[in-house]
Amino acid sequence: MYGAIRIRGARENNLKSISLDIPKRQITVFTGVSGSGKSSLVFGTIAAESQRLINETYPAFVQQFMPHYGQPDADQLENISAAIIVDQQRLGGNSRSTVATVTDAAQMLRVLFSRLAEPKLGSPNLYSYNDPRGMCPDCEGIGQVAAMDMTAVIDETRSLRDGALLPKGFEVDSWWAGAYFNAGLFDIDKPVRDFTAEEREMLFNLDDGRKVKVGKINITYEGVVAKLKKGLGSKDPESLQPHMRAEYDRIFTRALCPACHGARLNQQALASRIEGHNIAELSAMQVSELAKLVRAIAAPQVGPMLEALALRLENLVTIGLGYLSLDRESSTLSGGESQRVKMVRHLGSSLTDITYIFDEPSVGLHPHDVGRLAGLMQQLRDKGNTVLIVEHKPDMIAIADHVVDMGPFAGSRGGEVVYEGDYAGLLTSGTLTGDHMSKHQAIKGKVRPAMGELKIAHAVLNNLRDVSVSIPMGVLTAVTGVAGSGKSSLIQGCLPKAYPDTIIIDQNLARGSRRSNTATYTGILDNVRKAFAKANGVDAALFSANSKGACPDCNGLGVIYTDLAHLDPMVTTCETCEGKRFTAEVLEHQLRGKSISDVYEMSIADAVGFFTEAPIARILRGLEDVGLGYLTLGQPLSTLSGGERQRLKLAAELGKTGNIYVLDEPTTGLHMNDVDTLIGLFDRLVEAGSTVIVIEHNLDVISRADWVIDLGPGAGQDGGRIQFEGPPADLAAHKGSLTGQHLAARNG
Ligand code: ADP
Ligand code: ADP
Ligand code: ZN
Ligand code: ZN
């Protein structure tokens, strides 16, 4: 035994002053229904304390620039070592951040080129697209250049008077069209396709400062392309209002750099080769292929370097990411892929006595790959580290040396440790988790008939080569296959192109999320304000966060955000209103004994009993249906996990009929018990006439689907083909499909 992390009287969020010991240098899995308090314990208490201790080791001068981590609310926290959190936060970053840079494989490959390539160039940095000596001069190492889609700018078949100019603000009755009409440079009744080269140049690019009179005003003439580039094109697309963002995306595209064709490097760097391949070609290869190639290089003088690179690549393969290429931009990776890429960096580390904290590391993994993930967790432990995992999948819970099961339920009805001990003990503990370990959803025998079909024909995208498939309407369809087999490419990439009214319910944060919370996002707040106004005979606006009734210091947020460069913002409770968001005068107005501030603090489950107003009650029940009853009405969207955001969006869609819904792994973050509730919800959507398509690995969901589309057989170039289409019972009998094998194995 190596001792234990000792926690006494922990009270963060809903934790009920819990005390427990977590064994060091072992794998501890934290389970329990969503909202039971797993994150409050693991992230809010253990990880937060570790961060705080690390920050305290910096000199006071440095500390004042660092985020201030308050002491977690607990009586005693002891024996905590340095913690590394490997979560599903997307890697984001700019286009210079790739799988290669994030895993450090980029640096290894560059060193290898500096030593082994012919002709030799010298420093490793000569192979870096971030270094002026290596980058392609035309695109500055981005691989792409900005371009304009001219079909979105001009309708060549029309004349100017007839509306040839398509961008917003260039309509025939606009000021700008007036400038072109009055410029006397071209015939405004002639279709643009009949313009001479000279006329085209004047219409598109002329920008010599000349004035044109429009009405009584003189304005400076600017060609259409010149004006768009200087105006909309110079803006940061992320900062634009949604309607201008749509306009931006319609007009501006990125095109492959004509000089380097996307390779990002200059000609000199690209001329240098190992075994016939330049560094850009190796980076574009599928990692599984590159790993084999590196293993086969015979160069004893750089043996250790080759070995290190091969290991790093093989770890990517083991973790189920062999289908990625090193040059893949990290911002295009999903949450689960991001987490596994980060994991690879730590697997290569020789640090010991670190506490690694994982947030549902199996997200996005096919049951077939979960076993290998478990093996990597055991490797980390065997190097002398403490591994803490928040998980819901039975196969991952099974690898625990120690289990901490939180519950019994969510929010104020949870926050206790209902079981702690070894895995065998969990099975007979009688807790919700223990009971679910041995029971699962039976494969649906009688499936619902299709009400029509959605057709995708000859799809070509990423690894899909000429895939045609039809998806039944009016039923629940599960799209399955190993990570990288092409599920998202098919369903999120191709389906909306064929059926533009497809509604994708994803995990992305809504815009302006700092000011948004559960109540504002769902539209409950408007109705709550009205109810308060009616009960008190005052104006509803008084209860709004931008009224004069709001606390002037936090503008109705209850907290103050301090933005810090490169770090998470610091959040502190507003001292003026003590977190109550409104002035004392507003708080005096009550509804059935509660102030508006009390309502913000209420959980959805409690609010269901409090609000009898029909529109509010309807939305609240929807939120409970998707398993979010434990959220408080005032909880900022920025504190929600990806899975919670997806379910919040789903709740907003309930009660609508006849839609096509697509969800990507909606069981993320859900306990097995919550998954059953979610399946019931899908059934109700289907019964109300909607088509529900889920990309899923969860065998319970697959079992209860009416139709399964399985992609594979492998990932990347080894995938992208339809392996099976049919009801789940037939899939279980289909030996050729990995998904089928796992479904059959589970049913004995
Ligand atoms: P789990 O990780 O088991 O899903 P959490 O620890 O996230 O559970 O949540 C436990 C309880 O604490 C829930 O009722 C949740 O609404 C509440 N909670 C979590 N984070 C916050 C927060 N930032 N602000 C207010 N309440 C929170
Ligand atoms: P799944 O959803 O089954 O995990 P994906 O559709 O995401 O599979 O990926 C299928 C293949 O397409 C993989 O080889 C993946 O690397 C590639 N791919 C997916 N998205 C992109 C992208 N944005 N850019 C380049 N390649 C991509
Ligand atoms: Zn270039
Ligand atoms: Zn305030």
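**Ligand shells, sheets and helices in a predicted model**

User: Domain 1 and domain 5 of this predicted model both give residues to the shell around ligand 1, so where does ligand 1 lie?

Analyst: Start with who gives residues to the shell. Domain 1 (4-90 + 334-437) does, and domain 5 (518-639) does too. Ligand 1 therefore lies between domain 1 and domain 5.

User: Which helix gives the largest share of the shell around ligand 1?

Analyst: The shell holds 17 residues, and the closest are Asn-13, Lys-38, Ser-39, Ser-40 and Gly-411. By kind, the shell has three nonpolar, 13 polar and one charged. Its largest share is three residues, and they come from helix 1 (residues 38-56).

User: How many residues around ligand 2 are charged?

Analyst: Ligand 2 has 15 residues around it. Asn-462, Lys-487, Ser-488, Ser-489 and Gly-716 come nearest. The shell divides into three nonpolar and ten polar residues, and the charged ones number two.

User: What distance separates the centres of domain 2 and domain 5?

Analyst: First place the two domains. The domain assignment gives domain 2 as 99-143 + 258-319 and domain 5 as 518-639. Taken over C-alpha atoms, their centres are separated by 53 Å.

User: At what angle do helix 20 and helix 24 pack?

Analyst: Two packed helices are described by the angle and the distance between their axes. Helix 20 covers residues 524-536 and helix 24 covers residues 614-625. Their axes are 9 Å apart, and the angle is about 145°.

User: Is the crossing of helix 20 and helix 24 left-handed or right-handed?

Analyst: Look at the residues that meet. Ile-524, Asn-527 and Val-528 in helix 20 meet Pro-615, Ile-616 and Ile-619 in helix 24. This contact has five nonpolar residues, one polar and no charged. Helix 20 passes helix 24 in a crossing that is left-handed.

User: How many bridges join strand 19 to strand 22?

Analyst: Both strands belong to an open sheet of six strands, in the order 19-22-23-18-24-25. Its edge strands are strand 19 (503-505) and strand 25 (721-726). The twist averages 20° from one strand to the next. Strand 19 runs parallel to strand 22 (residues 660-664), and the bridges joining them number three.

User: Which strands does helix 25 touch?

Analyst: Helix 25 spans residues 642-653 and packs on the sheet. Its direction makes about 140° with that of strand 19. The strands it touches are strand 19 and strand 22.

User: Which strands does helix 26 touch?

Analyst: Helix 26 (residues 672-687) also packs on the sheet. Its direction makes about 145° with that of strand 23. It touches strand 18 (476-480), strand 22 and strand 23 (691-695).

Conventions. Residues numbered from 1 in each chain as written. Chains lettered and ligands numbered in written order. Predicted model: local features only at pLDDT ≥ 70, side-chain atom pairs only at ≥ 80, totals over all residues. Near = placed C-beta within 6 Å. Helix = DSSP H or I, 4+ residues; strand = E, 2+ residues; numbered from the N terminus. Nonpolar A, V, L, I, M, F, W, Y, C, P; charged D, E, K, R; others polar. Domains from an automatic or database assignment. Axes fitted to C-alpha atoms, helices over the stretch in contact; angles between N-to-C directions. Left-handed = near helix turned anticlockwise from the far one by under 90°. Contact = placed C-beta atoms within 7 Å. Pairing = 2+ DSSP bridges.
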